[in-house]
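Trainee: I have this one open on my screen. Can we go through it together, starting with what the record says?

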Amino acid sequence: MAKGRRERRILVVTGAAAFVAVGLKLLVSAIKAHKQRRRKMPDVPGSRVLVNLSASEIQRLTDQIIAKSKEVYDLVASVPLEKVSYTNVIAPLAELEAYQFSSVQSCVFPKMVSPSNDIRKASAEAESRLNLHFLTCRKREDVYRVTKAFADRGEWLGYEAKRYTQCLVKEFERNGVNLAPSKKKELENLGARIEELSLQYAQNLSMDNSFLLLGESELAGMPLQFIKSLEKTEDGKLKVFLRSHNVTPILEHCKIRATRKSIAVAYGQRCGKENLDILENLVQIRHKYAQLLGYSNYAEFTLESRMARTSEKVFEFLEDISENLSDLAMEELNVLKDLKRREDGDSPFGMEDLLYYMKRAEEQHLDLDLGEVKQYFPVNLVMSGIFKIFQDLFGIRIEENKDVEVWHETVCLFSVTDVSSNELLGYFYLDIHSREGKYAHTCVLALQNGNLSSNGTRQIPVALLLSQCPKQIDDNPVLLRFSEVVTFFHEFTHVVHHICIRATFSRFSGLRLDADFIEVPSKLLENWCYESISLKIMSGYYQDITKSVTSSMCTSLRRKRDLFSGLRLKQEVLLCLIDQFIHSSENVDILELLKHLHPKVMLGIPLLEGTNPASCFPQIVIGSEAICYSYIWSEVVAADIFAAKFQEDLLNQYAGLQFRNKVLAPGGAKDSLEILSDYLGREPAIHSFIESKTRNSL
């Protein structure tokens, strides 16, 4: 924009937000036009999610999103540095985020759900284009410059606006916008190399077809069905491919220790030297990437925006967990060693023995038939029970919206209303039945984020819960395994969390929260799946739903969850420590580190000779690098909240509303540790987590 033209300067200074509003109205007009062309059913009030875009409409809407986004960024970038204000810099970017989110999701979620292959393909292509465009936006130095200029003035309109602005600045800087051109190019090359090596590591594992040939006598103890599932060679040997669905059953059931050991060693040697070399190279490149951005190592870069903050805090946390679990884990190990001594004499206890004797102890100490348990969990009864628990606990009302447009006949839409005020809080779609081409796992997507617009109206959130239950045939109800019940409960908590957030900014709504915090509510609510009062609400024998699960079943399910939790957590802590060590220090010999840490953490059990778990541990490469600790962290915080607020009265609505208003509602608008400290009256502690694990020990 030419600075000499006064009229244009006035627009920049006072009219940027208005210009954005005009642009967004054009985008909204396109959405409305689609609805007029395609819909014969009533609109969903407050939702701008488009659920039935054609392939060509996805492409056109993607073009419009990119074009409008570029216009807004160009406009913000043109603001003279001496004229920057909240109105002409921050507000346009916030409004753009809020109003574009549902349009973006309308383009990209069909790849996971659409019955049409053409639409799924168009959606995947749209996602790639949009990801590339938004990455470009996050690297725009001109927009960063004016955003930083406003931030440096310190003229805040409130705490949340300040936090939002600081997040924008930090996002730009973490993408290298303030680097010299040569350093930017180096950062880009390092990022590409990281992606290339990560993909190669994962591909090596996925394409690995290594196997062992075993005689049937070497598989003594294995179920006949398992034996029949294996391919047989011409000389009568059984081909055991080293995949988890083969390896885990053998380690749990095979009576021949030599077989268990050979399987465990071979499984731990997959892609050995090749993937170890890739990982060592990858870690060094990650450190260089972080150092270019001004961080001392990759862990510091990754942890900056999380509740833990520093590697020192993560190490302290993991070591506290490991130390406090040592007595429990040693008791458990002694039980296993005693079983082994009776069956196999005094030979040393190794990692190949762990799962086998855990399974034997479970059979001795638990009277639980999971096949029988499954008969008490028809999917429709489970969902209605989950709805009731959440309604009673959080003071909400869930109602199905009939005769609305959906992408498949089995999909349902529900509204969520606050009981006391009758305010519509949001919607969620339920798409839980399997079909060809659909995403194969259970998860939650945010389709529209909540936010408070500049005119004081609140945009409501919209979520989607996906799963893969078989469709009911005739009058035979679909039954859920208990693990699937827990998964549904966990994921539905994400739905309710999303809908209950009351943040002003779209960025602080949805599911893009502090990753050390986002799983805490779901891990907390999982406890309801192991308590008799709540289990009875969502269960009923499929032939007579008035008969819920028995109290003894509930007790056994809880005991099964906690059985050998000390040893299991020790294994998790070990991998978390490896992850944190290699990403917080340079030039670490990973194999030597493993050999040193394994017996120290695992109570003297050595690493299996010739194996290296780091060569076949994809989480350390893709998705959880430097943050493997986070899942245990969430469990610890959740256990503390459960013990402090809910354990004595699971359906106490006052406690539920306190949690909803103090923990769920802020979203990302406040620091996560501050939210939890205000709620608990102190920082979260580990003692309740440790107590919960020892309560049901052998």
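Mentor: For "domain: Peptidase M3A/M3B catalytic", an unreviewed UniProt entry lists residues 251-692; UniProt positions are in the numbering used here, feature names are shortened, and annotations may be inferred rather than shown by experiment. This is a predicted model, where local features need pLDDT of at least 70 and side-chain atom pairs count only at pLDDT 80 or more, while totals for chains, interfaces and linings use all residues. Residues are numbered from 1 along each chain as its sequence is written, and side-chain values use heavy atoms, with hydrogens and water left out.

Trainee: Sheets next. What is the strand order in the five-stranded one?

Mentor: The order is β4-β5-β6-β10-β7, in an open sheet with mixed pairing. β4 (396-401) and β7 (443-448) are the edge strands, each pairing on one side only. Two strands pair if DSSP finds at least two bridges between them. On average, neighbouring strands of this sheet are turned by 25° against each other, direction ignored.

Trainee: And β6 with β10, parallel or antiparallel?

Mentor: Parallel, with six bridges joining β6 (residues 424-433) to β10 (residues 462-469). H433 stands opposite C469 in β10.

Trainee: Which helix lies across β4, β5, β6 and β10?

Mentor: That is α18 (residues 379-394), running at about 140° to β4. Axes are lines fitted to C-alpha atoms, for helices over the stretch in contact, and angles run from 0 to 180 degrees between N-to-C directions.

Trainee: What about the sheet of three strands, what order does it have?

Mentor: It is open, ordered β1-β3-β2, with antiparallel pairing. The edge strands there are β1 (211-214) and β2 (231-232). Four bridges join β1 to β3 (residues 238-241), and L214 stands opposite L238 in β3. Helix α12 lies across β1 and β3, at about 165° to β1.

Trainee: Switching to loops. Where is N297, and is it buried or exposed?

Mentor: N297 sits in the loop between α13 (272-292) and α14 (298-303). It is buried, at a relative accessible area of 12%; buried means under 20%, exposed over 50%, partly exposed in between (1.4 Å probe, protein chains only).

Trainee: What does its side chain reach?

Mentor: The side chain of N297 reaches the backbone oxygen of S584 at 3.2 Å. A polar atom of that side chain also lies 2.8 Å from the backbone nitrogen of E300. Leaving out residues up to four places away in sequence, N297 touches H287, A290, H583 and S584, where contact means heavy atoms within 4.5 Å.

Trainee: Which phi does C271 have?

Mentor: A positive one of about 55°, although C271 is not a glycine. C271 lies in the loop between α12 and α13 and is buried, with a relative accessible area of 14%.

Trainee: And N422, buried or exposed?

Mentor: Exposed, with a relative accessible area of 51%. N422 is in the loop between β5 and β6, and its phi is positive at about 65° although it is not a glycine.

Trainee: Last one: what covers the buried residues of α16?

Mentor: The cover includes α11 (244-253), α12 (257-268), α15 (311-344), α22 (551-562), α23 (565-584) and α24 (590-601). Among the buried residues of α16 are M351, Y356, Y357 and R360.

Conventions. Helices (H or I, at least four residues) and strands (E, at least two) are DSSP runs, numbered from the N terminus. A polar contact is a pair of N or O atoms within 3.5 Å; within protein, one must be able to donate a hydrogen and the other to accept it, and residues adjacent in sequence count only if both atoms are side-chain atoms.
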